[in-house]
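I opened my notebook for a friendly look around this one. Here is the structure, followed by what I looked up.

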Amino acid sequence: MTSSEAPFQLKDLLTPATIRLGVAASDPRQVIREAGQLLLASGAIEERYIEAMQRALQTYGPYMVIVPGVALLHARPSDGVKQPCLSLLTLEPPVRFGNEDNDPVRIAIAFGAVDRQKHLQALTMLTQLLANEQALAAIVASTTAEEVMQIIAASSSTQ
């Protein structure tokens, strides 16, 4: 990162167009497809990135469910990410991914980064959000994308 390049924040990557609330998905594959479609529609990824997230789930199992109720969906930057991006779904009803400790999933976050540094930066910011149980509960209870944006902005400004 050059000195003129400011670090991005979650609120810079997530937009109302990449948030969907109350999504009814039948299984983890559909969750990945729904979250990936939002990134695809925004022009941030290629179709193959969705396929790569599906393969990661199939290959490595439900490791993506990293805290109770939250799945962090991603693949490698080289799998078709055009620009740093983030999508967020709330799931109703929650979806079981097969993670004994952290199922069922109520929030699915898909993210893409263009390189290792941006990937790690996004993971760090997401980890801060995921550690904030009040923010996660507020996101689940949200009824509009704008509410979610406000929660994330407030959460990241307290870090």
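Predicted model: local features only at pLDDT ≥ 70, side-chain atom pairs only at ≥ 80, totals over all residues.

I began with threonine 18, which I count as buried because its relative accessibility is 4% (buried means under 20% relative accessible area, exposed over 50%, partly exposed in between, with a 1.4 Å probe and protein chains only). Residues are numbered from 1 along each chain as its sequence is written, and side-chain values use heavy atoms, leaving out hydrogens and water.

Which residues does threonine 18 touch, not counting those up to four places away in sequence? I found Leu13, Leu38, Ser42, Leu86, Ser87 and Leu88, with contact meaning heavy atoms within 4.5 Å. The side chain of threonine 18 also reaches the backbone oxygen of leucine 86 at 3.1 Å.

Next I looked up aromatic pairs: rings of Phe, Tyr and Trp (its six-membered ring) with centres within 6.5 Å, where planes under 30 degrees apart count as stacked, over 60 as edge-to-face and the rest as tilted. The count came to one aromatic pair. The ring centres of tyrosine 60 and tyrosine 63 are 5.9 Å apart and the planes stand at 90°, so I logged the pair as edge-to-face. Tyrosine 60 is exposed, at 59% relative accessible area, whereas tyrosine 63 is partly exposed, at 35%.

Notes. Polar contact = N/O pair within 3.5 Å; in protein donor to acceptor, adjacent residues only side chain to side chain.
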